[in-house]
Amino acid sequence: MPLSVERRGDGADLVLLHGWGMNAAVWDGLPASLADGWRVNRVELPGHGASPFDPAWSGRPQWAEACLDV
């Protein structure tokens, strides 16, 4: 299951994961200049924000695999 990811910038990957019960909007206050020299990836975990929830996923192992696939 693909996760919702917003990408900005070029360079080495910087992955931003929100906390439990939140979504990628928690990172809205970061300066846009953070994307200078970095490829910023704002990932939304399953069932949060625009990422769908799949009840077949039993927990963290599947979530970790989904994050690695972005």
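A residue counts as buried when its relative accessible area is under 20%, as exposed when over 50%, and as partly exposed in between, using a 1.4 Å probe and protein chains only. Keep that scale in mind for the views below. The model is predicted, so local features need pLDDT of at least 70 and side-chain atom pairs count only at pLDDT 80 or more, while totals for chains, interfaces and linings use all residues. Residues are numbered from 1 along each chain as its sequence is written, and side-chain values use heavy atoms, with hydrogens and water left out.

**View 1. The whole protein, before we zoom in.** Along the principal axes, the C-alpha atoms fill a box of roughly 40 × 20 × 15 Å. Of the 70 residues, 26% are buried. The accessible surface is about 4,600 Å², and carbon and sulfur atoms account for 56% of that surface; the areas come from the Shrake-Rupley method with a 1.4 Å probe. A contact here means heavy atoms within 4.5 Å. Take the contacts between residues at least 6 apart in sequence: 74% of them join residues at least 24 apart.

View 2. Beyond its neighbours within four places in sequence, Asn41 is in contact with Val5, Glu6, Arg7, Asp13, Leu14, Val15 and Leu16.

**View 3. Val5, on strand E1.** Val5 sits in strand E1. With a relative accessible area of 22%, Val5 is partly exposed. Setting aside neighbours within four places in sequence, Val5 is in contact with Asn41, Arg42, Val43 and Val70. Look for Leu16 too: it is 11 residues from Val5 along the chain, and their C-alpha atoms are separated by 9.7 Å.

**View 4. His18, in the loop between E2 and E3.** Strand E2 covers residues 12–17, and His18 belongs to the loop between E2 and E3. His18 counts as buried, because its relative accessibility is 6%. Which backbone atom of Leu45 does the side chain of His18 reach? The side chain reaches the backbone nitrogen of Leu45, at 3.0 Å. It also reaches the backbone oxygen of Met22, at 3.4 Å. Not counting residues up to four places away in sequence, His18 touches Asn23, Ala24, Val26, Trp27, Val43, Glu44, Leu45 and His48.

**View 5. Ala25, in that loop between E2 and E3**. Ala25 is partly exposed, because its relative accessibility is 41%. Gly49 is 24 residues away in sequence, yet the C-alpha atoms of Ala25 and Gly49 are 8.4 Å apart in space.

View 6. A pocket is an open set of points on a 1 Å grid where a 1.4 Å probe fits, with protein on both sides within 12 Å along at least five of seven lines; lining residues have an atom within 4 Å of a point. Among the lining residues are Glu6, Arg8, Leu16, Trp27, Asp28, Val40 and Arg42. Strands E1 (4–8) and E3 are the elements that give two or more residues to the lining. The lining splits into eight nonpolar residues, no polar ones and four charged. In that tally, Asp, Glu, Lys and Arg are charged; Ala, Val, Leu, Ile, Met, Phe, Trp, Tyr, Cys and Pro are nonpolar; the others, Gly among them, are polar.

View 7. Gly59 lies in the loop between E3 and helix H1, which spans 60–68. Gly59 is buried, with a relative accessible area of 18%. Its C-alpha atom is 9.8 Å from that of Pro46, 13 residues apart along the chain. Ala64 is in helix H1 itself, and is partly exposed at 39% relative accessibility. From Ala64 to Leu45, C-alpha to C-alpha, is 9.4 Å in space and 19 residues in sequence.

Technical notes: Helices (H or I, at least four residues) and strands (E, at least two) are DSSP runs, numbered from the N terminus. A polar contact is a pair of N or O atoms within 3.5 Å; within protein, one must be able to donate a hydrogen and the other to accept it, and residues adjacent in sequence count only if both atoms are side-chain atoms.
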